[in-house]
Amino acid sequence: MEISRDAYRAIEDIVGPDNVTDDPAFLDSYAFEWLAELVRPNRSHYMPRPWAVVMPASTREVQAVTKVCNKYKIKIKPISTGWYHWAAPMKDDEPTVQFDLRRMNRIIDIDEKNRFAIVEPYVICAQLQAEAMKLGLNCNIIGAGSSTSVVASACAYFGGGPSSHYMGNNSDNLLGQEWVTPAGKVVRTGSLSSGAGWFCSEGPGPSVRGVTRGNLGSRGGLGTYTKCAIKLADWPGPAEMEVKGRPPGYRLPIGENFRAYTIGAPNWEAWANCYYAIYDNGLGYIFHRQLNLAGANLATALWLTYIDPTKTLNDVETLAKDPEIIAINETARISFQLILAAQSIDGIQLQDKILDEILSQTGCYRVERYCEQDMAEFTNMYMQRLGHKHCNFIWAGGYMGSWMQAGTPDFVKGYVPTAIKGFEDDQQSHLLVECGGDALMGCGSTLGGGGYFGLEQFVSYDPASDASIDACIKHMEDAIADCVAQGIPLGKEQLYLQIGWTDQRIWDGMAKAPQTFVLDFQRQFKDAVDPNYLGDRNYPWLPEKWGEAPAPAQAK
Amino acid sequence: MTIQDYRADALRCTRCAYCKWVPLDLMKSWRFSKGCPSIEYGKFHSYSAGGRLITSLSLMDGRSTVTDKVRDSVFMCNMCGSCDVACKMCRYDMEPLLAMHELRAKLVEDGDLPEAYQPMLESLRTDYNTMGEPHERRGDWAKDLGVKDLTKTTAKYVFHAGCRYSFDGEQSEVARTAVAILKKAGLDFGIMGAAESCCGGKAFSIGVDQQLHKSADHNLAAWKKAGVDTVITACADCYYAFKRLYTQHAGSTIKVVHMVELLDQMVADGSLKMTNPVPMKVTYHDPCHLGRQGEDYVPWDGVEKKIFGQAVVYDPPRPRYNGAFGVYDAPRNVLKAIPGVELVEMERIKEGAWCCGAGGGAREGYPKFSEWTAGERIEEAESTGADALVTACPWCERNFIDAVRGAKGKLEVLDILQLVDMAL
Ligand SMILES: Cc1cc2nc3c(=O)[nH]c(=O)nc-3n(C[C@H](O)[C@H](O)[C@@H](O)COP(=O)(O)OP(=O)(O)OC[C@H]3O[C@@H](n4cnc5c(N)ncnc54)[C@H](O)[C@@H]3O)c2cc1C
Ligand code: SF4
Ligand code: SF4
């Protein structure tokens, strides 16, 4: 579908000819998205192609282009780094202009005293962290890792990660934000709205933050966030990370006021108890079940391979059969990573003592091999910078996260056996990576501050193989069936599969939700800020009276 | 190989954009966090390694065609390999740099090479150099040095000056210093003079693979005739061509040594004594072809296979080039051995170094982009407070010198051999 020349020229006048394109190959580089093959017809690796890609450099330009889109009734889809398939246009028949916000890339300010930073959309977590650390501060990095945009996770999508346990979820850390609505109005939220600065997320009246993002986020379906302020946490480490070693397994030496542990548990009951005790005692700077993304059968072999720069994945095969490695692997089978940090040596020693006590009471333990210097420094690096998150795709280039229902440890522990059994069964086809039924990975905290978390099954498949793609889709359907059979709410796979559904099918599902008033309210809110419906359906809403039984007169 | 051979790489690209940044663990500031000059200049995703994989796929699938924009996005890239290192931080099944090379080769094959490269290719055809100079003048830089002429006699070592040192009057002194050091080392060496041919690396980097084969055939035959078993060069581009490309594409078994490796060895065994103090604060730029792309070539002829159902590996195991074993320590050891020299590091070093801007034919094809890339590095060097930016490649040096002059800057740009010379 070609963009109308008038609309194109109008956009070109705003951003300049070098900052807009409708070259088909360029457009494909935005349509191509991870996971598309699981939800698009014929396993296509492309989401719908945008009509044009535009790169505004300022809020004013975003606003002006948004107004052009309103004039020509073209949908708007903003991206920051564009690492999620929700970043692409959602439907083939909806002409959409993709806003690539990479020219809006400044850290506007780090307010050291009040501990927050003001950033534009193309500032990634690693950049902000590097600058914050110089001031003794740190930022929560989402589970997707430090290559992702701070604004995207704060304003537009979820925002939880390994450090949320201590530093909060980015949905909570979001303070003032600047938002260009789909209608082209610039809205400043929180204390910004009264010209008082960026320090507070809530202004007078109802929470705009709550309405626009909630827990999940509008995922590009409700205009463009052009700046936001984000709360920072303390960083008791050096101003600059002194990274050692060769790629890929860089290491971060563990300062004397830090610890980097992998904690093992004899069973899931002990694991949950340990989690509760860690949470109750306020321990943990970073808390995540990270390294199990490789699968509980292969994790030790993979990571010992990974930290040796002379090795390749072929070595995992040999190592995985080594009795010594198998033994280590068993000790790490049910485990998680825990980084402790304190302002003083006394502080860290106290934390260690508390942890010792927790471990002795719950029957959990430090996994020895993982706590040796090489693995501990690697774990420290991985968890502090989250610069290896692309390892999610390490086995075959494809990863789909199923499950990930969040809740208390007891709730999560409850679905673990079903999740493991289902995945084990699906691996029998040999069309998914056979890493054991437990490739469950997840945040120690899906709500800021911890106590509530989720485990996601890391399903690795080969996106270059149709059969493997099909096996992954089957797994998604199986996981849904397992949840339905066990009365467990549906997980991420359902959210993904919906991308391939019609509006009507999605609305039919939503209409069965226990509290549809939220979706009704969101429609009314959308009517107010997006009268031309230029944001896509990623901001969920329900048409008026959808799913209600037709009135008798109409039924005739 | 062809772009089809990298189809699976494209399908397995996750659009994560690691290829746009320095390896995330190594990021030290906002200012110097970028890894890829091409995306920083071209901006659209197509100007990144991941973007080019998608371009390949899109072209293969007939979803798009080669337009002027596409051509620019394919060629406006330094082939510096920063993307390759960053991508391989987490992936063992991707070869973005090789895939980008094949995309260039495909465009060349289809007649889509940008016109700007024609003068260089013409010069290579007629005069065996990249610089539009008459080939008879190639050995002039060494006229009065009394070096063995290996077209007439034999030696164990050949010093290959390369195009830049042979013809760039401002830079030839470096080659002359190299000769003095080789003499000091007591090596049995000579040069090919006018019979030396360009290594072919630059042509290869723009996808004109045939030219590499021609150059390799010529140079390897000449060296063989002269009884040479080791080629020594002070040029990182030539080093890469001889060490990696000649071995892979022409079956070369000749040993390849960069001057910094020889100097390092001489410092270590005490045969090079630098006693003259050189009171200077310097920073070192890792040339891409000596650093992250300077790893040894390991022959491989294998196929993909699956383990654990779908995990992608190779049979036999595929060598992994991710910058882990580039030539990083040798130049630093030499600099540290020079009395008075204080080495201060930039933020982006070794496998995470920012390119000088001359690589991949950018200097010839996209001079503004090339100069901008160099300018970025100059700023980084200046931020260290160094008096001089030192490197070990004439292409980097020339690009830096031009960028400093263009910006009327004060930073001195030196080859490491010039510093060594001052200390002798
Ligand atoms: C491998 C992987 C693992 C992940 N794990 C986690 C996790 O553990 N925790 C978590 O919170 N998230 C996770 N995510 C999702 C992640 O939060 C999002 O992909 C996003 O926030 C990352 O930033 P980005 O710059 O890539 O966003 P993009 O891909 O650019 O955008 C993500 C969504 O936000 C919208 N958006 C982006 N920027 C703006 C803007 N400025 N204005 C309006 N809308 C915008 C886009 O339209 C899109 O729908 C994961 C993603 C991946 C790929
Ligand atoms: S080429 Fe590699 S680093 Fe770049 S987007 Fe693709 S997978 Fe990521
Ligand atoms: S080779 Fe260098 S310039 Fe080219 S895409 Fe890779 S990082 Fe960018």
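Q: Which loop is Pro316(B) found in?
A: Pro316(B) sits in the loop between β8 and α14 (329-337) of chain B. Helices here are DSSP runs of H or I with at least four residues, strands are runs of E with at least two, and both are numbered from the N terminus.

Q: Before going on, what kind of model is this?
A: It is a predicted model, in which local features need pLDDT of at least 70 and side-chain atom pairs count only at pLDDT 80 or more, while totals for chains, interfaces and linings use all residues. Residues are numbered from 1 along each chain as its sequence is written, chains are lettered from A and ligands numbered from 1 in the order in which they are written, and side-chain values use heavy atoms, with hydrogens and water left out.

Q: Back to Pro316(B): is its peptide bond with Asp315(B) cis or trans?
A: The bond joining Asp315(B) and Pro316(B) is cis, with omega about -5 degrees.

Q: And what about Pro247(A) to Pro248(A)?
A: That peptide bond is also cis, with omega near 0 degrees. Pro248(A) lies in the loop between β11 (233-234) and β12 of chain A.

Q: How many residues of strand β8 of chain B are buried?
A: In β8 (residues 311-315) of chain B, 4 of the 5 residues are buried, so the strand is mostly covered. Buried means under 20% relative accessible area, exposed means over 50%, and partly exposed is in between, using a 1.4 Å probe and protein chains only.

Q: Which way do β7 and β8 of chain B pair, parallel or antiparallel?
A: Strand β7 (residues 303-307) of chain B and β8(B) pair in the antiparallel sense over 5 bridges. Two strands pair if DSSP finds at least two bridges between them. Lys305(B) stands opposite Val313(B) in β8(B). The hairpin has 3 residues between the strands, and Phe308(B) takes a positive phi near 45 degrees there.

Q: Where else is phi positive, say at Asn42(A)?
A: Asn42(A) has a positive phi of about 55 degrees, although it is not a glycine. Asn42(A) is in the loop between α3 (36-39) and β2 (52-54) of chain A.

Q: Is Asn42(A) buried or exposed?
A: Asn42(A) is exposed, because its relative accessible area is 75%.

Q: And Ala17(B), buried or exposed?
A: Ala17(B) is buried, because its relative accessible area is 4%. Ala17(B) is not a glycine either, and its phi is positive, about 75 degrees. Its place is the loop between α1 (7-12) and α2 of chain B.

Q: Which residues are around ligand 2?
A: The residues around ligand 2 include Ala17(B), Cys13(B), Cys16(B), Cys19(B) and His390(A). A residue counts as near a molecule or strand if one of its heavy atoms lies within 4 Å of it. Ligand 2 lies between chains A and B.

Q: What classes does the shell around ligand 2 have?
A: The shell has 8 nonpolar, 3 polar and 1 charged residues. Ala, Val, Leu, Ile, Met, Phe, Trp, Tyr, Cys and Pro count as nonpolar, Asp, Glu, Lys and Arg as charged, and the others, Gly among them, as polar.

Q: Which residues come nearest to ligand 3?
A: Of the 13 residues around ligand 3, Cys36(B), Arg52(B), Cys77(B), Cys80(B) and Cys83(B) come nearest. In chain B, α2 (37-42), α3 (49-60) and α5 (82-87) each supply at least two residues of that shell. By class, the shell divides into 8 nonpolar, 4 polar and 1 charged.

Q: New topic: what order do the strands of the open sheet in chain A have?
A: The sheet has 7 strands in the order β15-β12-β14-β13-β17-β18-β16, with antiparallel pairing. Its edge strands are β15 (365-366) and β16 (398-407), each of which pairs on one side only.

Q: How many bridges join β13 and β14 of chain A?
A: There are 3 bridges between β13 (residues 286-289) and β14 (residues 335-341) of chain A. His288(A) stands opposite Gln337(A) in β14(A).

Q: Last one: is Ser468(A) buried or exposed?
A: Ser468(A) counts as buried, because its relative accessibility is 0%. It belongs to helix α18 (residues 466-486) of chain A. Leaving aside neighbours within four places in sequence, Ser468(A) is in contact with residues including Leu431(A), Tyr461(A) and Gln310(B). Contact means heavy atoms within 4.5 Å. Ser468(A) and Leu431(A) are 37 residues apart in sequence and 4.8 Å apart in space, C-alpha to C-alpha.
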